[in-house]
Amino acid sequence: MLKIIISFTVFTFGTLMASNAVDLEVACYENNATACYMHALPMVTGENAKVQDIREEGMSYMRKACIFGDNRGCDKMGDNYYKNASYHAAIPYLEKSCARGVKFGCEAMGTIYRDGHDVRQDDVKSREFYEKACDLKSGDACYNVAIIYRGGFGVEKSRVKEKEFYKKGCDAGLKAGCDRFVELDNEDKGIETGIWATIKSWFK
């Protein structure tokens, strides 16, 4: 008797799962943006994302979610195109994501303009997008802005600005930002660092 009850419970749960997926798909075809997003999500994440046919089907629903007004679908579209190096297709989505305060969108746009992916290379635009991502606590973006000021790419070289953005990267949790900030700060204070400082300490 117990075995029968367990089997019935499992069957009911499986039926509910299948029914839920069908309901979401039907609601999506009725222009329900959230339903499109929720139906697509399992197909574009986890192991399913590694299967091209499943991922492509999922992205078709993500596109509908975006068109019907769910910004999460738009964000996923930009992320997908960017990771597949389809930069021209990714840019409109990424720009809108960044404007809404999505960190990845700003980071990606900074890299696109830095490296000239399907756009004219532009250090100024690259810095602007990286700075937005830095403000959203992207340590890598802050570090990239520091490098821009170090090299004078589209701006005047500025050690002060360089240090400022290394510090911001550090505050965002990037160890490389912390290390570089400390190194420059010690130099400014006349404190020797690095291998020569270590060697000299052996003879004190």
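I began with helix H7 (residues 123-135), where Glu131 and Arg127 are four residues apart and therefore separated by about one helical turn; helices here (H or I, at least four residues) are DSSP runs numbered from the N terminus. The side chains of Glu131 and Arg127 meet in a salt bridge, at 3.3 Å from N to O, the term standing for a side-chain nitrogen of Lys or Arg within 4 Å of a carboxyl oxygen of Asp or Glu.

Before going further I noted that this is a predicted model, in which local features need pLDDT of at least 70 and side-chain atom pairs count only at pLDDT 80 or more, while totals for chains, interfaces and linings use all residues. Residues are numbered from 1 along each chain as its sequence is written, and side-chain values use heavy atoms, with hydrogens and water left out.

**Entry: exposure of the H7 pair**

I then looked up how far each partner is covered, taking buried as under 20% relative accessible area, exposed as over 50% and partly exposed as in between (1.4 Å probe, protein chains only). Glu131 counts as partly exposed because its relative accessibility is 21%, whereas Arg127 is buried, with a relative accessible area of 15%.

**Entry: other salt bridges**

How many salt bridges does the structure hold? I found 17 in the structure. One of them joins Lys50 to Glu47, with the closest N and O atoms 3.2 Å apart, and both Lys50 and Glu47 are exposed. I also recorded a network of salt bridges that links Arg159, Lys163, Asp185, Glu187, Asp188 and Lys189.

**Entry: Arg180 and helix H10**

Next I turned to helix H10 (residues 175-188), which contains both Glu183 and Arg180, three residues apart, or about one turn of the helix. Glu183 forms a salt bridge with Arg180, the closest N and O atoms being 3.2 Å apart. I found their side chains listed also as joined by a polar contact of 3.2 Å, meaning a pair of N or O atoms within 3.5 Å, where within protein one must be able to donate a hydrogen and the other to accept it, and residues adjacent in sequence count only if both atoms are side-chain atoms.

Is Arg180 buried or exposed? Arg180 is buried, since its relative accessible area is 14%, while Glu183 is partly exposed at 32%. Not counting residues up to four places away in sequence, Arg180 touches Tyr143, Arg150, Glu162 and Tyr166, a contact being heavy atoms within 4.5 Å.

**Entry: disulfides**

I searched the whole structure for disulfides and noted five, each being a pair of cysteine sulfur atoms within 2.5 Å. A disulfide is a covalent bond between the sulfur atoms of two cysteines. With the bonded cysteines of the protein chain numbered in sequence order, I read the pairing as 1-2, 3-4, 5-6, 7-8, 9-10.

Among them is the disulfide of Cys28 and Cys36, whose sulfur atoms are 2.0 Å apart.

Cys98 and Cys106 form another disulfide, with their sulfur atoms 2.1 Å apart, and their link is right-handed, with 100° about the S-S bond. Cys98 counts as buried because its relative accessibility is 6%, and Cys106 counts as buried because its value is 0%.

For Cys170 and Cys178 I found a disulfide with sulfur atoms 2.1 Å apart, and this link is right-handed, with 90° about the S-S bond. At 21% relative accessibility Cys170 counts as partly exposed, and at 22% Cys178 counts as partly exposed too.

Which residues touch the most other members of the largest nonpolar core? Of its 41 residues, I listed Met62, Tyr82, Leu94, Met109 and Ile112, a nonpolar core being a set of buried Ala, Val, Leu, Ile, Met, Phe, Trp, Tyr and Cys residues joined through side-chain atoms within 4.5 Å. Leaving aside neighbours within four places in sequence, Leu94 is in contact with Gly78, Asp79, Tyr82, Phe104, Gly105, Ala108, Met109 and Ile112.

Last, I looked up Met77, which lies in helix H4 (residues 71-83) and is buried, with a relative accessible area of 1%. The C-alpha atoms of Met77 and Met62 are separated by 6.8 Å, although these residues are 15 apart along the chain. Apart from neighbours within four places in sequence, Met77 is in contact with Met59, Met62, Arg63 and Tyr93.

Note on methods: Helix = DSSP H or I, 4+ residues; strand = E, 2+ residues; numbered from the N terminus.
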